[in-house]
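Please look over the notes below with the model open.

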Amino acid sequence: MQVVVEESSMGSTEESRPAARMEKVYEKVSLLVTSNAVVVFTLSGCCMCHVVKQLLFGLGVGPTIVELDRDAYGHDIHRLLFQQQPVPAVFIGGKFLGGIETVMACHINGTLVPLLKEAGALWL
């Protein structure tokens, strides 16, 4: 059983605010990755993020890109994702694939395109 306590009923204590905000961030990330075939969380000036985006574009994929330094919840999303992987963080078919190393390894060993097809990001 999950108990949800609204901030107004607790008063706004310092302990409840960060937890409630991170829960919203988790819900936002979860909704994004389950609603889109490919989601890439990036930073706008990151060269490795640029490489991943260009690889996906070159394969004909139109990923949903969230630039964390330009998103209102970007700092919190980055904190949440950093527990798993620094940017770029790539999700395919609602599942976390990994960062640049994993994406490039999948591309080189030939497993990336089948993953993208299975997720509905590629049709050919």
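1. H3 passes H5 in a left-handed crossing (left-handed if the near helix is turned anticlockwise from the far one by less than a right angle, right-handed if clockwise). Helices (H or I, at least four residues) and strands (E, at least two) are DSSP runs, numbered from the N terminus. This is a predicted model: local features need pLDDT of at least 70, side-chain atom pairs count only at pLDDT 80 or more, and totals for chains, interfaces and linings use all residues. Residues are numbered from 1 along each chain as its sequence is written, and side-chain values use heavy atoms, with hydrogens and water left out.

2. The axes of H3 (residues 47-58) and H5 (residues 100-109) come within 10 Å and cross at roughly 30°. Axes are lines fitted to C-alpha atoms, for helices over the stretch in contact, and angles run from 0 to 180 degrees between N-to-C directions. H3 and H5 are therefore roughly parallel (under 35 degrees; over 145 is roughly antiparallel, 65 to 115 roughly perpendicular, the rest oblique).

3. Which residues meet between H3 and H5? H3 brings Met 48, Val 51, Val 52 and Leu 55; H5 brings Ile 100, Val 103, Met 104 and His 107. By class, this contact has seven nonpolar, one polar and no charged residues. Ala, Val, Leu, Ile, Met, Phe, Trp, Tyr, Cys and Pro count as nonpolar, Asp, Glu, Lys and Arg as charged, and the others, Gly among them, as polar.

4. Four strands form an open sheet with mixed pairing, in the order E2-E1-E3-E4. Strands pair if DSSP finds at least two bridges between them. E2 and E4 (95-98) are the edge strands, each pairing on one side only. The twist averages 25° from one strand to the next.

5. E3 (residues 89-92) pairs with E4 in the antiparallel sense over three bridges. Val 90 stands opposite Gly 98, and Ile 92 opposite Lys 95.

6. H3 lies across E1 (38-42), E2 and E3, at about 160° to E1. H6 (residues 112-119) lies across E1, E3 and E4, at about 55° to E3.

7. Check Glu 67, in strand E2 (residues 64-67). Leaving aside neighbours within four places in sequence, Glu 67 is in contact (heavy atoms within 4.5 Å) with Thr 42, Ser 44 and Lys 53. Its side chain makes a polar contact with the side chain of Lys 53 (3.3 Å). A polar contact is a pair of N or O atoms within 3.5 Å; within protein, one must be able to donate a hydrogen and the other to accept it, and residues adjacent in sequence count only if both atoms are side-chain atoms.
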